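Try each task before reading its solution.

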Amino acid sequence: MASLLAGNSIYQYSKKMASARGYYGYIGDGLGHIAGSFAAFLYILYEFANLLFILGYYILTFSPTLGYITSISIPDYISYIYIVLISIPAFYVVYKGIKPSYKSQIVVNMIQIIFVVTISIIIIISSPKIGAIPFTTYNIGIKGVFLGFITGSYLSFAGFGSIVPLGEEAKAPRKSIGMAVLAIILIMGSIYLLGSYAMVAGWGLNNMASFSNSIFPGFIIISKFGSVPNGIFFLLNFFVVYPLFVTMATALSRNIYAMARDGLISSRLSTVHNKINRPMLH
């Protein structure tokens with residue numbers, strides 16, 4: 001519900017304007033040029049911080065998780081190598097243009113969705129029945145509900161607004177951008193909910209206090225039902241990291257392009273490669 005409230009703001013404003021400016025275009029239109037310009041630089045900081053967070057998280061967790069699965073001591077530098085190997089194809093498709101980047105994301109995300117739904121159903125069926133208790137204030141109280149409202153909706157479940165800067169490249173953007181945001185929230189929200197319920201069922205309702213202390217709880221739960229092949233492990237991590245890189249880099253590149261075009265940063269950054277379809281200028 002919190003994500004839908006946030007998405008509704010995008011939905012309403014996307015009907016009025018669509019451009020590569022994305023969020024800073026909305027803010028500039030509503031609050032003026034200074035506020036919009038400030039938001040533009042904040043968005044760059046936000047996206048870079050997200051990318052660094054993902055890099056840092058996988059550098060810290062990839063080798064230990066692989067070591068847990070294989071029962072072999074894995075050196076930390078393997079994490080760095082793996083991140084580089086994922087980054088190369090991710091940034092390449094972003095460079096090639098919007099069509100190859102999003103076509104590849106559709107394929108990767110569909111595989112990821114199929115896996116998450118399948119494994120979640122298996123975990124729920126195979127675990128002790130917990131009913132609707134996770135949807136109540138059991139053991140957390142109203143304080144826990146509000147904590148989940150903030151961390152779950154505004155920190156964990158985010159990124160659906162990354163398509164806003166594609167307003168100059170989408171067909172019928174004043175209709176399609178808003179509808180896409182709502183569709184993302186409803187579809188991915190349902191999968192997010194299913195996966196979260198499966199994690200609670202698999203970990204144990206009364207053991208959830210230790211859930212957040214583990215750096216790879218998902219693989220611990222899955223390992224209860226059998227070993228995880230190394231190939232599956234590598235593919236799963238690729239399916240998670242690759243679309244995140246592509247999404248953030250795509251949104252960030254459009255935001256920088258619009259800022260350069262508006263004179264907020266060097267105009268050199270508004271140059272588009274001749275082999276890439278140029279965004280429509282409004």
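**Exercise 1.** Leaving aside neighbours within four places in sequence, which residues is Ser214 in contact with (heavy atoms within 4.5 Å)?

Solution. This is a predicted model: local features need pLDDT of at least 70, side-chain atom pairs count only at pLDDT 80 or more, and totals for chains, interfaces and linings use all residues. Residues are numbered from 1 along each chain as its sequence is written, and side-chain values use heavy atoms, with hydrogens and water left out.
- Find Ser214 in the loop between α7 (173-203) and α8 (217-223). Helices here are DSSP runs of H or I, at least four residues, numbered from the N terminus.
- Its contacts, with those neighbours set aside, are Trp203 and Ile220.
- Ser214 has a relative accessible area of 18%. It therefore counts as buried (under 20%; exposed is over 50%, partly exposed in between; 1.4 Å probe, protein chains only).

**Exercise 2.** Check the span of helix α4 (residues 77-96).

Solution. 
- The expected span is 1.5 Å times one less than the number of residues.
- Just after α4, Gly97 takes a positive phi of about 135°.

**Exercise 3.** Which residues of α4 are buried?

Solution. 
- They are Ser79, Tyr82, Ile83, Ile86, Ser87, Ala90, Val93 and Val94.
- An α-helix has 3.6 residues a turn, so residues three or four places apart point the same way.

**Exercise 4.** Is Ile150 buried or partly exposed?

Solution. 
- Locate Ile150 in helix α6.
- Its relative accessible area is 47%, so Ile150 is partly exposed.

Conventions:
Helix = DSSP H or I, 4+ residues; strand = E, 2+ residues; numbered from the N terminus. Contact = heavy atoms within 4.5 Å.
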